[in-house]
Amino acid sequence: MKAQYEILAELDQGAFGAVYMAHDGHLDKVVAVKQLTNADPKVLRDEARILSELRHENIVGFRQLFPEDGQWFMVMDYVKGGSLAK
């Protein structure tokens, strides 16, 4: 993963990938990084474009989408409290 992000802990795993708590070294901030599996790059780019335009107190903020070594990663704001399912 990009040197910008230092993984601190694995938060959860699901059908679409794993989610990690990470430290963003450029912003000195904790973020959530989702490692996506079986992802269609076109669909991911479209979703990222839409997410980047959404602003609401009940929507987790989108930071970045990037590919690395054949995998796609999505960076979002880190929100304490666990998953919605829990």
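## Ala 9 and its contacts

Ala 9 is in contact with Tyr 20 and Met 21, once its neighbours within four places in sequence are left aside. Contact here means heavy atoms within 4.5 Å. Ala 9 lies in strand S1, residues 5-14. Strands (E, at least two residues) and helices (H or I, at least four) are DSSP runs, numbered from the N terminus. Ala 9 and Met 21 are 12 residues apart along the chain, and their C-alpha atoms are separated by 5.2 Å.

Ala 9 counts as partly exposed, at 29% relative accessibility. The classes are set by relative accessible area: buried is under 20%, exposed is over 50%, and partly exposed is in between (1.4 Å probe, protein chains only).

## Basis of the model

This is a predicted model: local features need pLDDT of at least 70, side-chain atom pairs count only at pLDDT 80 or more, and totals for chains, interfaces and linings use all residues. Residues are numbered from 1 along each chain as its sequence is written, and side-chain values use heavy atoms, with hydrogens and water left out.

## Overall build

The protein has 1 helix and 5 strands. From the N terminus on, the elements run β-β-β-α-β-β. The radius of gyration is 13 Å, close to the 12 Å that the globule rule gives for 86 residues, so the protein is as compact as a globular protein of that length. That radius is taken over C-alpha atoms, and the globule rule is 2.2 Å times the number of residues to the power 0.38. The C-alpha trace spans about 30 × 30 × 25 Å along its principal axes.

Of the 86 residues, 28% count as buried. Take the contacts with a separation of 6 or more: residues 24 or more positions apart account for 37% of them.

## The largest nonpolar core

The largest nonpolar core has 9 residues in all: Leu 36, Leu 44, Ala 48, Leu 51, Phe 62, Leu 65, Trp 72, Met 74 and Met 76. H1, S4 and S5 each supply at least two residues of this core. A second, separate core has 7 residues, including Tyr 5, Val 33, Phe 66 and Val 75. A nonpolar core is a set of buried Ala, Val, Leu, Ile, Met, Phe, Trp, Tyr and Cys residues joined through side-chain atoms within 4.5 Å.

## Helix H1 residue by residue

Leu 44 lies in helix H1, residues 41-53. Leu 44 is buried, with a relative accessible area of 7%. Beyond its neighbours within four places in sequence, Leu 44 is in contact with Leu 36, Ala 39, Leu 65 and Trp 72. Leu 44 and Phe 73 are 29 residues apart in sequence; C-alpha to C-alpha, they are 9.7 Å apart in space.

Ala 48 is also placed in helix H1. Ala 48 counts as buried, at 8% relative accessibility. Residues up to four places away in sequence aside, Ala 48 touches Phe 62 and Leu 65. Ala 48 and Gln 64 are 16 residues apart in sequence and 7.7 Å apart in space, C-alpha to C-alpha. Leu 51 is in contact with Phe 62 and Met 74, again leaving aside neighbours within four places in sequence. Pro 41 lies in helix H1 and is partly exposed, with a relative accessible area of 30%. The C-alpha atoms of Pro 41 and Phe 66 are separated by 9.8 Å, at 25 residues apart along the chain.

## Two aspartates with positive phi

Asp 28 has a positive phi of about 50 degrees although it is not a glycine. Its place is the loop between strand S2 (17-24) and strand S3 (29-36). Asp 28 is exposed, with a relative accessible area of 62%.

Asp 69 likewise has a positive phi of about 50 degrees and is not a glycine. Asp 69 is found in the loop between strand S4 (62-68) and strand S5 (71-77). Asp 69 counts as exposed, at 76% relative accessibility.

## Surface and charge

The accessible surface of the protein comes to about 6100 Å², and 52% of this belongs to carbon and sulfur atoms. Accessible areas come from the Shrake-Rupley method with a 1.4 Å probe; for residues, only the protein chains shown count as cover.

The protein has 10 positive and 13 negative charges, whose mean positions are 4 Å apart. Lys and Arg count as positive, Asp and Glu as negative; His and the chain ends are not counted. The place of a charge is NZ of Lys, CZ of Arg, CG of Asp or CD of Glu.
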